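Subject: Structure for you to look at

Hello,

Here is the structure I promised to hand over. Please open it first, then read my notes below.

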Amino acid sequence: MATRAGIRLTHGRSPLLAASESSSRPPPVPCLPLSKPKPYRRHMLVPLWRPLAPRSSPGRSSSYRTGFSSPVASMSSSSYEKELAAAKKAAPLAARLCQTVQKALLKSDIQSKEDKSPVTVADYGSQAIVSLVLKMELPSEKFSLVAEEDSADLQKDESQETLRRITDLVNDTFSSDGTYSISVSEEDVLVAIDSGKSEGGPHGRHWVLDPIDGTKGFLRGDQYAIALALLDEGRVVLGVLACPNLPFTSIANLDGHSSENQTGCLFSAQTGCGAYMQLLHEPSAAKISVCATENPADASFFESYEAAHSLHDLSGAIAKKLGVQAPPVRIDSQAKYGALARGDGAIYLRFPHKGYREKIWDHAAGSIVVTEAGGIASDAAGNNLDFSKGRYLDLDTGIIVTNKKLMPSVLNAVQEAIREQTQSASLL
Ligand code: AMP
Ligand code: MG
């Protein structure tokens, strides 16, 4: 709901507004043209954001705002076609497991990690499923996964029951989906989770996974995402974001009562081939793009729901400098990147508290989805995000995501606001 304090997007209901974003852009990869692109009608997002191809036509995609259908085969002749297809199987299946757990969320699902952040059974289960599916789908590829979780806590004696529950959940998810007829053991689950110990880096291919991005939102019953990306020679070449609680229709300019209440989105992007969105467990995808507003007064901005994750007062000062009229839209996870990529909002501002180091899995998938939708992502100094440095992003101060037209003025406002904050702190 829109309040001065911000808008909170919760499962199945919500408001807000406007457009765009980015990240480091890999060299272009040939994609066959999508044929006859037509400009989409930005103010008619709600009725048009429905997959127009019938369910029985998984080989076709449509442009969300034009309704024009084109063969999916034509959009991906690049070298990452197989990998993207695998990622689009893995993330939704992991999302199924997370959806099951979120529905029946119990306090006992919450464990503590050294850093005290909440880790759930779903977190481990999601990572195990993604790891298992990628290995099954791409058996001949060398497998390297940089992921948030490892099995150290699960190997402790007191975690036996948790491990059993995770294994049951993984098996139940596979069997209810039916795509893979496998049954895994507890040992298989531990091995699958620990495949995520890779350090990434500038050479070779590495999958990058956040099994549940936005754990706090997940536990609250709000937004979260399964975020999966592929790095090749240090660059993000594809990304998939499964957002089970994100309304399929625009969360822009709505009063939170969309006539359609379909929920659950799958965003996907491949370098040079555009960004797409589809209903989470449906086959038809449609092309998306960031909103093109050039006027900050028309823009709204996203930020973390959690004040501990991003300085709300700093983003408020930046918004004021820009003349942004709308209140901030506070939602959890990389669902922000997805919503921005489809034009629901124009700016995403993220300024962690001093000393926090951003992890690559919190931005890899989201950044390519936005970049391929025509946006741009940078740090507060205007540098592209660099995913080649291992498990952490080497960043200056914060992350800014917007469209290409707005970026210069947003960067100016960010730098000015940071300067002013630093000066007033030094006077204390
Ligand atoms: P968001 O939902 O956008 O606030 O981001 C969720 C992600 O923030 C989590 O997956 C964490 O990896 C990350 N995170 C955890 N603690 C912090 C922190 N103190 N500052 C910034 N990000 C954090
Ligand atoms: Mg995360």
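A definition before the helices: axes are lines fitted to C-alpha atoms, for helices over the stretch in contact, and angles run from 0 to 180 degrees between N-to-C directions. Please keep in mind that this is a predicted model.

Helix packing

α3 packs against helix α4 (residues 160-177) at an angle of about 50°. Their axes are 9 Å apart. That angle makes α3 oblique to α4. The α3 and α4 crossing is right-handed.

The other partner is helix α2, residues 81-103. Here α2 and α3 meet at about 155°, and the axes lie 8 Å apart. Angles over 145 degrees count as roughly antiparallel, and α2 and α3 are therefore roughly antiparallel to each other. The α2 and α3 crossing is right-handed.

The ligand site

What surrounds ligand 1? The shell holds 14 residues. The closest are Ser 304, His 309, Ser 333, Lys 336 and Asp 362. By class, the shell has 6 charged, 4 polar and 4 nonpolar residues. Two strands, β7 (205-213) and β15 (347-350), each supply at least two residues of this shell.

Now the polar contacts, each with an oxygen atom of ligand 1:

- Asp 362: a polar side-chain atom lies 2.6 Å from a ligand oxygen.
- Ser 333: a backbone N or O atom lies 2.6 Å from a ligand oxygen.
- Asp 213: a side-chain N or O atom is 3.0 Å from a ligand oxygen.

How much of ligand 1 does the protein cover? On its own, ligand 1 has 500 Å² of accessible area, and the protein covers 84% of that.

Best wishes

Notes: Residues numbered from 1 in each chain as written. Chains lettered and ligands numbered in written order. Predicted model: local features only at pLDDT ≥ 70, side-chain atom pairs only at ≥ 80, totals over all residues. Heavy atoms only, no water. Near = heavy atom within 4 Å. Polar contact = N/O pair within 3.5 Å; in protein donor to acceptor, adjacent residues only side chain to side chain. Areas by Shrake-Rupley, 256 points an atom, 1.4 Å probe, with all protein chains shown as cover. Helix = DSSP H or I, 4+ residues; strand = E, 2+ residues; numbered from the N terminus. Nonpolar A, V, L, I, M, F, W, Y, C, P; charged D, E, K, R; others polar. Parallel < 35°, antiparallel > 145°, perpendicular 65-115°, else oblique. Left-handed = near helix turned anticlockwise from the far one by under 90°.
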